[in-house]
Amino acid sequence: MGIGTSPLPRPSGGHGTLRGSGGGDPHRPRAILLRPGADLDGFRTAVRSLVAQDVPPESVTWSVTDSPGLFGADAEQAPGTPLVLPKPVAALIPQVIPHRDPERYGLLYALVWRVCQGERHLMEVGSDPLVHRLHRMAKAIGRDLHKMHAFLRFRRAEDRGGERYVAWFEPDHHILEAAAPFFVARFRGMRWSILTPEGSAHWDTETLAFGPPGDRAQLPEGDGFEAGWQTYYESTFNPARTNLKAMRAEMPKKYWRNMPETAAIPALVRAAAGRTEAMIEREPTMPTRREPARAVAAMADQDPKTLDELNAIIRRTEPLVPGATQAVLGEGPVGATVAFVGEQPGDQEDRQGRPFVGPAGQLLSRAMAEAGIDRGASYLTNAVKHFKFEERGKRRIHQKPTAGEVSHYRWWLDRELEFVGPKLVVALGATAVLALTGKAIPITRARGPFRFDRHDNRFQGFITVHPSYLLRLPDEAKADAYAAFVEDLRRVEDLRRELAA
Ligand code: URA
């Protein structure tokens, strides 16, 4: 709500109140204390009070403190008075408040004061030095917000609540609170934290909270999620369009160090000239599929003609992460109408060389049976074909594949599904969704029927949870979650019948 669009409440003691003894003389000096950062509420409170007492801008000093002890007993209380500002003024105030310039509050109050003194159309006078300066400040905030939205990169971490994505960013201005709603809308189903030198924002899929400053050292190590960005960037980098000046203007170097994909820029630029020539020569035979560079490099000269030939290649291939006993291949008839895609083989699957035979697989079998799905007539496979684990004593603890690993194995999954030719593909969990779509889509948002549309490969899909998610739930939540999973599988069976008809 704009500063002047609502009746003014009586200001209470706290940030934004006036310090000094006694009211009366509007020309007596006033000191306003506001919170560090963008204290829009404090500013509003103070402005209502100042205007109500007719205090001109030259009598006011604005400063910032984070010590709440400075407020209270001697704060003046001004009566609430309606203050209605023209819309452009009310809109400009929140756009300027995040600016780093310590004069911003004084400048804005000068604007409000002049408007209240009768210059109602001041904002239309673009040549007025005050209006001009405030417009420039608002523009700077707009640019800073754009950079944060475009260049912030999350890294995956684990905490007690499970998966959390963490990013470090150093904005030029105090824009964290203004920028956060964009990330809520974009990554609603993910738990994430954004750390900045001035404060942090935390989203738990329901509530947005702000906390103390972060530290770059709190950022988790670079991971495959980042490798995914980098691989994607390398594979989409078009050397023929390299224009360093434009690149720097759009993506200032200052942001590069937080962006995994930019690690590739210097080398890509150096190679650009040569790659352009090579591209021109190759153009007529360029594949229409765009695959992550690493996978392409490894698979470029493989051209399996059948599922058996493909499987033979997988068997011969070393796991990306050493340790697995063997590759666990898909299982089920070629021509099955429905295929289920999981994450990666677990301990039991790795030992037996078959997918979904361990605890999660047994749960899946039971739920399929309850939903009327014939497991033997279905095709079951995984996004990643090797077991990745960490040894703890005698136990081998499953480790989630990174996005980079998932993209490496996508070459196989794509071909496997082409050979099997299911009419319906069920993604079990987020890794399968990532493998099938190339996108990190939260299950909570996408659960249900889904149209997979990759390259020239389009098929009807269905997204549901991974059975191991059900195993990890606390006992009291298990029954309901299992019932919902079976219900999903019933819908899958209905769809399968429809598509098979
Ligand atoms: N989890 C999976 O995703 N796949 C398996 O094969 C077993 C457990």
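The points below go from the whole chain to the ligand site, and then to a few local features.

1. **The model and its overall make-up.** Please keep in mind that this is a predicted model. The protein chain holds 17 helices and 16 strands. Of its 501 residues, 51% are buried. Among contacts with a separation of 6 or more, 71% link residues 24 or more positions apart. The chain exposes about 24600 Å², and carbon and sulfur atoms supply 53% of that area.

2. **The residues around the ligand.**

3. A backbone N or O atom of Gln344 sits 3.1 Å from a ligand nitrogen atom. At Asn382 the side chain takes part: one of its polar atoms lies 2.6 Å from a nitrogen atom of the ligand. Phe356 brings a polar backbone atom to 2.9 Å from an oxygen atom of the ligand. On its own the ligand would expose 240 Å², and the protein buries 93% of that.

4. Phe356 belongs to the loop between helix 11 (347-352) and helix 12 (359-371). Is this residue buried or exposed? Phe356 has a relative accessible area of 6%, so it counts as buried, the cut-off being under 20%.

5. Strand 10 covers residues 338-342, and because 5 of its 5 residues are buried, it is largely enclosed by the rest of the structure. Val338, Phe340 and Gly342 point one way, while Ala339 and Val341 point the other way, and all are buried.

6. **Helix 14.** How much of helix 14 (residues 430-437) is buried? The count is 7 of 8 residues, so this helix is largely enclosed by the rest of the structure. The buried residues are Thr431, Ala432, Val433, Leu434, Ala435, Leu436 and Thr437. Gly438 follows the helix and has a positive phi, near 80°.

7. **The hairpin of strand 8 and strand 9.** Strand 8 (residues 200-203) and strand 9 (residues 208-211) run antiparallel and are joined by 4 bridges. Ser200 stands opposite Gly211 in this pairing. There are 4 residues between the two strands, and Thr205 in this hairpin takes a positive phi near 80°.

8. **Asp128, a charged residue counted as buried.** Aspartate falls in the charged class, and Asp128 has a relative accessibility of 12%, so it counts as buried. Asp128 is located in the loop between helix 3 (104-116) and helix 4 (129-151). What does its side chain meet? A polar contact of 2.7 Å links the side chains of Asp128 and Arg114. Leaving aside residues up to four places away in sequence, Asp128 touches Arg114 and Leu122.

9. **Asp54, a further loop residue.** Asp54 lies in the loop between helix 1 (40-52) and strand 3 (60-64). Its phi is near 60°, a positive value in a residue other than glycine. With a relative accessibility of 48%, Asp54 counts as partly exposed.

Notes. Residues numbered from 1 in each chain as written. Predicted model: local features only at pLDDT ≥ 70, side-chain atom pairs only at ≥ 80, totals over all residues. Heavy atoms only, no water. Buried < 20%, exposed > 50% of the residue type's maximum accessible area, 1.4 Å probe, protein only. Contact = heavy atoms within 4.5 Å. Areas by Shrake-Rupley, 256 points an atom, 1.4 Å probe, with all protein chains shown as cover. Polar contact = N/O pair within 3.5 Å; in protein donor to acceptor, adjacent residues only side chain to side chain. Pairing = 2+ DSSP bridges.
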